[in-house]
Amino acid sequence: MSDQESPGGGAERQPDWAHSFGGVAEAYERGRPTYPPEAVRWMLGERPQIVLELGAGTGKLTRVMADLGHDVHATDPDEAMLQVLEREVPGVRTAQASAEDIPMSDASVDVVIAGQAFHWFDLDTALPEIARVLRPGGRVCLVWNTRNEKIPWVRRLGGIIGTQEQLRDPAQALIFSELFGFVENRDFSHWQTIDRKSIQDLVLSRSNVAVLDDKARAAKLAEVVSFYDEYGRGMDGMQLPYDAHCYKADVLERPRAATVETAAAGEAGDPAPDDPDDDLLIDFR
């Protein structure tokens, strides 16, 4: 979903940041960076996993996981974003759903992952839902791409684009949930090649720009094009540096009573079936 953005506070009515992406889904797909495969390997490991992705957007993270051999079930609350994902990553099962109401059975997936999305979740509801669908020993993984604004020109670009950043500390959120164990984190540096067109798509895909009126949006695009013409390399584009901030934590063991409903028919206490399709609900398509 978003590039480290979240809704602002205050008594005044705020724009609907979290649901502002459907109208800019194509720009999001063209303008947002991918994720480095080494970051995904660190989070998910080398063995193929059954992965539930929350806030999958247009599939930027989805396709990396699928290319590495993982069985990905992608969800997003926005139908327009999912339509682009289905086109770009054919064969991945999808469902229009939120992190607060996951359409999967108890203890049915190895990993739950969210890229650019965790800060949108209602954690009081979402964290128990994530723990519910994870198998014993399963893992939650979080990742954000953030521009490396230690570099002066990147910092200037960030000032032009603007933000609604109020990123919570994911490590603290997981630790204090009492549902997950030790939180590991690691950063992976990578680059995105942008040109005069894709830098406009990058700006259009931002929630704080998507909610602007036409005149204000046009002014913002003109500002970023002027910046590109000053700093860019023409047709060769420019390399925009990112850091992928990654987190992972194992779900803590739950009482047997919490998972007994997932047991196969037969004798009480039989383990749940290994076939992942038996654990999926019909919402996936």
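These entries record what I looked up in a predicted model.

**Basis.** I worked from a predicted model, in which local features need pLDDT of at least 70 and side-chain atom pairs count only at pLDDT 80 or more, while totals for chains, interfaces and linings use all residues. Residues are numbered from 1 along each chain as its sequence is written, and side-chain values use heavy atoms, with hydrogens and water left out.

**Helix H4.** I took helices (H or I, at least four residues) and strands (E, at least two) as DSSP runs, numbered from the N terminus. I counted a residue as buried under 20% relative accessible area, exposed over 50% and partly exposed in between (1.4 Å probe, protein chains only). In H4, residues 79-88, I found Met81, Leu82, Val84 and Leu85 buried. They lie on the same side of H4, because they cover an arc of only 160° around the axis; the arc is that of the directions from the helix axis to the C-beta atoms. I then looked up their cover, which includes helices H1 (25-31) and H3 (60-67) and strands E2 (71-76) and E3 (93-96). At the start of H4, I noted a side-chain oxygen of aspartate 78 within 2.9 Å of the backbone nitrogen of alanine 80.

**Helix H3.** I found H3 largely enclosed by the rest of the structure, since six of its eight residues are buried. The buried residues are Lys60, Leu61, Thr62, Arg63, Val64 and Met65. Glycine 69, which follows H3, has a positive phi near 95°.

**Nonpolar cores.** I used the term for a set of buried Ala, Val, Leu, Ile, Met, Phe, Trp, Tyr and Cys residues joined through side-chain atoms within 4.5 Å. The largest has 31 residues, and those with the most contacts inside it are Phe118, Phe121, Ile130, Leu174 and Phe180. Among the elements giving it two or more residues are E1 (50-54), H5 (123-133) and E7 (238-250). H5 gives the most to this core, with six residues. For leucine 174, I listed contacts (heavy atoms within 4.5 Å) with Phe118, Leu127, Val140, Leu142, Phe180, Val183 and Ala249, leaving out residues up to four places away in sequence. A second, separate core of 24 residues includes Trp42, Val51, Val72 and Val143.

**Positive phi.** Most residues other than glycine have a negative phi. I noted alanine 107, with phi near 50°, in the loop between E3 and E4; alanine 107 is buried at 8% relative accessible area. Glutamine 116 has phi near 60° and sits in the loop between E4 and H5. Glutamine 116 also counts as buried, at 3% relative accessibility.

Conventions: A polar contact is a pair of N or O atoms within 3.5 Å; within protein, one must be able to donate a hydrogen and the other to accept it, and residues adjacent in sequence count only if both atoms are side-chain atoms.
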